[in-house]
Amino acid sequence: METIKQAQVINWLEKTAHVIGENKDYLTKLDSDIGDADHGFNMERGFNKVLEKINELAASEDLQAVLKNTGMTLLSSIGGASGPLYGSFFLQAALPLEGKTELTVEDLANSFGKGVDGIKARGRASKGEKTMIDTLEPAIDALLLSVKNKDSIETALSNMLAAAEEGMKFTIDMIATKGRASYLGDRSIGHQDPGATSSFLILKTLKESIIQPNS
Amino acid sequence: MKKLINKIPDVITEQMQGMLAAHPEIEISLEPKYIKRASATRKGKVAIISGGGSGHEPMHGGFVGTGMLDAACPGEVFTSPTPDQMYECAKATQNEGGVLFLVKNYTGDIMNFEMAAEMLNAEGIQTQNIIIDDDVAVKDSLYTAGRRGVGTTVILEKIVGAAAEAGYDLNKCADLARKVNSRGRSMGMALTSCIVPAAGKPNFDIDEDEIEIGVGIHGEPGRKRISHTTADEITQMLTTAILEDKDYSRILREWSFSNNGWEEKELTSDAFKSGDQMIALVNGMGSTPISELYTVYRKLHEICSAKKITLARNLVGSYITALDMQGCSVTLVRADDEILKFWDAPVLTPGLRWGV
Ligand SMILES: Nc1ncnc2c1ncn2[C@@H]1O[C@H](COP(=O)(O)OP(=O)(O)OP(=O)(O)O)[C@@H](O)[C@H]1O
Ligand SMILES: [Mg+2]
């Protein structure tokens, strides 16, 4: 069966740091519309730490250890609301991966599913509240569907990303009821959620690290 | 942007180093960042620890010292600190009396402090979190993250710090903290925005002749944007919002030592009424002259007197700030004998000192 290799996961984490860096101002701009204008800085600080550790991460074949280490690194460097949320995502996503050195679509769905459960438990939010969950939950649902349909990795990741993008865009019309943006009430309508956007960038980078654009 | 800073990434570190140089009674750690008392406390004393984003100085680091906090964890500017900071800080500070985290109600602070409390409790270090949510500008808690933690924090840290010094155990300190929070209400306003060093430009736009009523300490939007007006009218608006605020109920989370997990507790703040006696804080947002704060206090005193509300104690100055924002906030905490006793107790910190 085709699988996602350890090196591709490492490549994903490394690329994510660059993509977040390139989008720092964009994420911060989104957060200045409905939050406190720090989401880009927070995410960049966190993923720069992951980048500093990339050789240490790459040295471990065990993907559980890789995701756990990533989670701890983000948790201790991002701060704000997104630190514990992304930290929980990676820490929980690591749990089902004991002994794994490569991932099937099913492994990925289980892992990310646990990760999103971690975010929901930590932030006590659910879909429709204008948060990163609105990107992540549909993405995981798409992965689960791919498991059922026995899709290839390529199809699974494409469907996942399409669902994530749609979810992210749905946040534009939502009223925020969690986090800082909730203080705006109705005035939060018309703005895309910064956390939903950073989640989309992370998933987009995953797909692009595994599927070469012209292959 | 014109600020007294060197390099932007060094802002927090250099301010901590300056505090250390100025105040030998505190000690700092830079990896991870926290500020604690230099001398060990009595064995069995509850460690009272707070923290939050930087930019609100002197809160919280300036309140570390005898009679107030044992330690404080500063985050990046306006960003919650991280669980490893709180965890290491608590381990270095606690002395077998347990740990009380005083947490302002912001999503980031709540989650980071919860993770730290889970780690400490898992290691057998009894840790409780008490939330402060006193900003009446946020009316509702059902469709928002709830009222923000603002001015009551200063008063609460003083009172609970004194109680811990006097020998209250963890449960009694938590009870007192919950009580002070339930009796505190605040409302703030901004004349100007503030500039976060990393952003380099104002946090929000506000015209030369506009003011924001109900602003938060990070420049969060308030209740309304109006044309600039007199100090008396502004004070009237802030005070009225506080005095006319109805009973306010919300669900807050605390650690349950019997269930070894979080439990939700309903807390109600009774509306203020005539006959109440208060501790009053007229607070500057960072760039407001003390003279203007006294002008506000004058009117606050007049309004409360007319309503037969006594301002039994007061604090006038900049204690919980929003960097270089111009503006003020008013906080009233309904006092009783226990609260007044601990308010009057000696305190010796960089930011607040009396009776010593
Ligand atoms: N309860 C929650 N559950 C899930 N996601 C949340 C929750 N609260 C906020 N978020 C997400 O976090 C994002 C904001 O993250 P950010 O890094 O800007 O932290 P912050 O709220 O500014 O924290 P702080 O106030 O401490 O600076 C939002 O866009 C949203 O997607
Ligand atoms: Mg933010």
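Modeller: Contact here means heavy atoms within 4.5 Å. This is a predicted model, where local features need pLDDT of at least 70, side-chain atom pairs count only at pLDDT 80 or more, and totals for chains, interfaces and linings use all residues; side-chain values use heavy atoms, leaving out hydrogens and water. Residues are numbered from 1 along each chain as its sequence is written, while chains are lettered from A and ligands numbered from 1 in the order in which they are written.

Biologist: Thanks! Leaving aside neighbours within four places in sequence, which residues is His39(A) in contact with?

Modeller: His39(A) sits in helix H3 (residues 39–52) of chain A; helices (H or I, at least four residues) and strands (E, at least two) are DSSP runs, numbered from the N terminus. It is 13 residues from Tyr26(A) in sequence and 9.4 Å from it in space, C-alpha to C-alpha. Beyond neighbours within four places, the contacts of His39(A) are Leu27(A), Thr28(A), Asp31(A), Ser82(A), Pro194(A), Gly195(A) and Ser198(A).

Biologist: Is His39(A) buried or exposed?

Modeller: Buried means under 20% relative accessible area, exposed over 50% and partly exposed in between, with a 1.4 Å probe and protein chains only. His39(A) has a relative accessibility of 6%, so it counts as buried.

Biologist: Asp31(A) was among those contacts. What spacing do the donors of the magnesium ion (ligand 2) follow along the chain?

Modeller: Donors are N, O and S atoms within 2.8 Å of the metal (3.2 Å for Na, K and Ca), and sites may look incomplete because water is not among the atoms. The magnesium ion (ligand 2) is coordinated through OD atoms of Asp31(A), Asp36(A) and Asp38(A), at 2.1 to 2.3 Å. Asp31(A) is buried at 8% relative accessible area, and Asp38(A) is buried at 11%. Along the chain, the donors follow D-x4-D-x1-D.

Biologist: Let's move to chain B. Which residues have the most contacts inside the largest nonpolar core?

Modeller: In soluble globular proteins, nonpolar side chains tend to be buried together. A nonpolar core is a set of buried Ala, Val, Leu, Ile, Met, Phe, Trp, Tyr and Cys residues joined through side-chain atoms within 4.5 Å. The largest one has 62 residues, and those with the most contacts inside it are Ile48(B), Leu100(B), Leu102(B), Ile159(B) and Leu176(B).

Biologist: Which element supplies the largest share of this core?

Modeller: Elements of chain B that each supply at least two residues include helix H1 (11–22), strand S4 (71–77), strand S5 (99–104) and helix H4 (152–165). The largest share is eight residues, and it comes from H4(B).

Biologist: What domains is chain B divided into?

Modeller: Domain bounds come from an automatic or database domain assignment. The C-alpha centres of domain 1 and domain 2 of chain B are 23 Å apart, and 34 residues of domain 1 are in contact with 33 residues of domain 2. The division is into domain 1 (11–183 + 248–271 + 337–354) and domain 2 (186–243 + 273–334).

Biologist: Which residues are closest to the centre of the largest cavity?

Modeller: On a 1 Å grid over the protein atoms alone, a cavity is a set of points where a 1.4 Å probe fits but cannot get out, and lining residues have an atom within 4 Å of a point. Points are joined across faces, edges and corners, and a volume is the space filled by probe spheres set on them. There are six cavities of 30 Å³ or more, and the largest has a volume of about 120 Å³. Its lining has 17 residues, those closest to the centre being Glu57(B), Met59(B), His60(B), Gly61(B) and Pro74(B).

Biologist: Which element gives the most to the lining of the largest cavity?

Modeller: H1, strand S3 (47–54) and S4 of chain B each supply at least two lining residues. With four residues, the one that gives the most is S3(B).

Biologist: What is omega for the peptide bond from Met59(B) to His60(B)?

Modeller: Most peptide bonds are trans. In the loop between S3 and S4 of chain B, where Pro58(B) lies, the bond from Glu57(B) to Pro58(B) is cis, with omega near 10°. His60(B) is also in the loop between S3 and S4, and the bond from Met59(B) to His60(B) is cis, with omega near -5°.

Terms used:
On a 1 Å grid over the protein atoms alone, a cavity is a set of points where a 1.4 Å probe fits but cannot get out, and a pocket is an open set with protein on both sides within 12 Å along at least five of seven lines; lining residues have an atom within 4 Å of a point.
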